[in-house]
Amino acid sequence: PSQCPPPSETPLPSSAPLRSALAAERSRRRTSLTATYAAAPLSDLIRAALSHQADRVRAYNTWEAALDASLASRNVSGYASACAEATAKFAALSENILAMVEVVLKREGSAAGETGKAVRALQDLEREKLSLTTALHLDKLRKNDGGKGGLVAVKGDEDMRIASLLDRGVQELERKIARIIEKINDVIEELNAILSDEI
């Protein structure tokens, strides 16, 4: 009978070519975006940043709806695909925003500097919000109605402590997200004020 070679002798396909191709594609897209943004007036860039922010809100709403449906049905298949869609959408929006910040910060003038700082702050806040929202979703999935038949079983007297910890974790994450949203709204107001001065 033939034997399989030991794991150390089994060659694994290299992911280096794929990483290299993905990096080249990202670089090409970034160059294209910066060229597009470099030619645009500051007011158009601010409008684009605000439009990207509205797209983020829609992506969050879709993602939240998928979570709610998964919790209600106790079926994560729809949630998994919504996560993939949200991840792709957030990555594309971030790529656009980062290219925009790069272009705006190279421009002269206080409005450009203020815009670049505000858009960068918005991106940083959104990165933090995404991290907190991901943690919140995971805690909600784990908890799922106090563990009564949830996606991750939490039952018995001893495990009531776990359910209580999950409750507190969900509440704390929701508070943190609410504070981040307030800061995001402040930045949006700042961008709208800069835009009104530019018009």
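Residues are classed by relative accessible area as buried (under 20%), exposed (over 50%) or partly exposed (in between), with a 1.4 Å probe and protein chains only. By this scheme Asp-197, at 66% relative accessibility, counts as exposed. The model is predicted, so that local features need pLDDT of at least 70 and side-chain atom pairs count only at pLDDT 80 or more, whereas totals for chains, interfaces and linings use all residues. Residues are numbered from 1 along each chain as its sequence is written, and side-chain values use heavy atoms, with hydrogens and water left out.

Asp-197 is found in helix 5, where helices are DSSP runs (H or I, at least four residues) numbered from the N terminus. On the surface, a patch of negative charge gathers Glu-114, Glu-182, Asp-186, Glu-189, Glu-190, Asp-197 and Glu-198. Such a patch is made of residues with over 30% relative accessible area and no salt bridge, like charges being joined within 9 Å. Asp and Glu count as negative, and the place of the charge is taken as CG of Asp or CD of Glu. Helix 5 (residues 160-198) gives the most to this patch, with six residues.

A salt bridge is defined as a side-chain nitrogen of Lys or Arg within 4 Å of a carboxyl oxygen of Asp or Glu. By this rule the count comes to 13 salt bridges. One of them pairs Arg-30 with Glu-102, with the closest N and O atoms 3.1 Å apart. Because Arg-30 lies in helix 1 (residues 16-38) and Glu-102 in helix 3, the pair ties together parts that are 72 residues apart in sequence. Arg-30 is partly exposed, with a relative accessible area of 29%, and Glu-102 is likewise partly exposed, at 30%.

Salt bridges also occur within individual helices. Asp-44 and Arg-47 form a salt bridge with a closest N and O separation of 3.1 Å; being three residues apart in helix 2, they are separated by about one helical turn. Arg-127 forms a salt bridge with Asp-124, for which the closest N and O atoms are 3.0 Å apart. Both Arg-127 and Asp-124 lie in helix 4 (residues 110-143), three residues apart, about one turn of the helix.

Backbone geometry was examined at Arg-74. Most residues other than glycine have a negative phi. Arg-74, although not a glycine, has a positive phi of about 60 degrees. Arg-74 is placed in the loop between helix 2 (42-73) and helix 3 (77-106), and its relative accessible area of 32% makes it partly exposed.

Terms used
Patches are made of residues with over 30% relative accessible area and no salt bridge: like charges are joined within 9 Å, nonpolar side chains (Val, Leu, Ile, Met, Phe, Trp, Tyr) within 5 Å. Accessible areas come from the Shrake-Rupley method with a 1.4 Å probe; for residues, only the protein chains shown count as cover. Helices (H or I, at least four residues) and strands (E, at least two) are DSSP runs, numbered from the N terminus.
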